[in-house]
Amino acid sequence: MRNFIVSLLLFVAFGLKAQIVLTAPSQEEINSASSNTAALLIDTTVDVLKQLDSRGRLILEVPSSEALNLYFSDFHLSKGTVLRIRNSIGRIIYSYNYSDNPHSRFFAIPPVEGHQIELELEGDVKDSKMMISEVGYFFKSEEDIKTSGFCEVDVNCSEGDEWQDQKKGVVRLLLKTNASSVYCSGTLLNNTARNCRPFIYSADHCLDGVSSNNLNQSFAYFNYENSTCGSDDGASTEFILGMKLRASQTFDDGADFILLELNSDVPLEYSPYFNGWNRTDGNFSNGVSIHHPNGDVKKISTYNSFLSTSNSSQLTTNAFWQVNWVETNNGHGVTEAGSSGSPLFNQEKLVVGALSVGSSFCSKPNDPDFYGKVHYGWDQGIDSTQRLDYWLDPIQSGEEKIPGSYFPCNDTAIQYLPIDSIVILGNLVQDELTLYIEQKESSKVDIEIYSTSGQLVFLREFDASNIINETMNVGTLRDGAYFVKVVTGAETKILRFIVVN
């Protein structure tokens, strides 16, 4: 990465602001960037505290940029200090304080639309530290980013109707390399401890040129999608900064996967869904992939024939699924640059692979794509840095598959059941009544059991949870019919069951 010319304009009197103008990358560099490149990095060294004007402000500008973001090699705000980030028209976009300090001291400001970013510091800054080492130059507008192939299918078209939970686990990754920032896709994964540990499953080749420090300056975006089929209103406003690499296998001698862990938990207001997985080498008859082609809003691609193990001599033996997409009501979904790392779901709505090699295009939609298998990545490695089992089965349960779940991720069901479902597992019961309650939004649950005469014979309240799989002792009840009333945050449902002792 070459150094760029920096012109420094400092005006501290009469209300004029300190300003640093950086030279933009050349058109040749922009033209040579890969299609999943989001930004080119401009090397610089800016000690923010030394460049502030008398009002505590500093402007960084790169002419002709569509958006800019900042990377800090050393970032620390002292207590009582507030950093505000304004765009080119003076609007406050982000605000940071002492609680936002990273443990690693590496930090980043997300992209801000326009050709200027203004930093404004307020408070006692003597113990603060802010060293800018790179500026991200975004050469594509938001409209340009939303230009994936004409055949792609929006996740909120009818093809995505049955995948509205699973899509909430799929993320767009903005990964910082040594010279650029690139887009990839990935997904949250559940683990057998059901503790909502924020693991992201993606492809190893996405980390080409990405160091551990770079990962602390990378972003995971949630819910970047259009609100309806055919709309153009997706907004990239929900994100988490920073992640760590937990395990990986390369393309050359493995399944081309990575398992990342976010540096912080996913806010519940993002409605994160921790997708389930199947680690077997089983027969998977149909499913989808949900992805961010070229960094675009979420798209969905569909297959309806059995996955096959790739026999390509260029791929690790038995490590990759081959999939062929089919035309659906709203297009013929394929994959593109930026789709790399996206999850492949089977008919049970469980993740069985991550995109490694895509040969499908809108012009050649029937060409196959190849996904590294969860099955191969599970235990085909020498230690925890190359295996999924250490992280996704921390309690060594030996489970071959687990379902996805919203927070608090304590779903113990074996099979997938629709969200906002209340069912009795078996209407004829002897000593035990088992209720399975699944809620889209976590809320308290009240369970009441009544005899046919209206007498209350059982009452129990459960704390807020997305999943309740509860077995209750009814062995003391007389034979006969009973009604169970279940009250959740979403609905009240009355079900009938018969006790036969």
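Reply: A patch joins like charges within 9 Å, from residues with over 30% relative accessible area and no salt bridge (areas by Shrake-Rupley, 1.4 Å probe, with only the protein chains shown as cover). Asp and Glu count as negative, each placed at CG of Asp or CD of Glu. This is a predicted model, in which local features need pLDDT of at least 70 and side-chain atom pairs 80 or more, while totals for chains, interfaces and linings use all residues. Residues are numbered from 1 along each chain, and side-chain values use heavy atoms, without hydrogens or water.

The negative patch on this surface is made up of E66, E113, E142, E143 and D144. Helix α3, which covers residues 142-145, gives the most to this patch, namely three residues, and E143 is found in that helix (a DSSP run of H or I, at least four residues; strands are runs of E, at least two).

Elsewhere, charges are paired: the whole structure holds 18 salt bridges (Lys or Arg side-chain nitrogen within 4 Å of an Asp or Glu carboxyl oxygen). One of them joins E120 to R57, whose closest N and O atoms are 2.9 Å apart. Because E120 lies in strand β9 (residues 116-122) and R57 in strand β4 (residues 57-61), this pair ties together parts that are 63 residues apart in sequence.

Two loops hold backbone details. N318, in the loop between β22 (308-309) and β23 (320-323), has a positive phi near 65° although N318 is not a glycine. P408, in the loop between β28 (405-406) and β29 (421-424), is joined to F407 by a cis peptide bond with omega of about 15°.

Finally, the average pLDDT (predictor's confidence, 0 to 100) is 90, and 93% of the residues score at least 70. Over residues 1-15, however, the pLDDT is below 50, although this stretch has 44 contacts beyond near neighbours in sequence (heavy atoms within 4.5 Å).

Key: Patches are made of residues with over 30% relative accessible area and no salt bridge: like charges are joined within 9 Å, nonpolar side chains (Val, Leu, Ile, Met, Phe, Trp, Tyr) within 5 Å.
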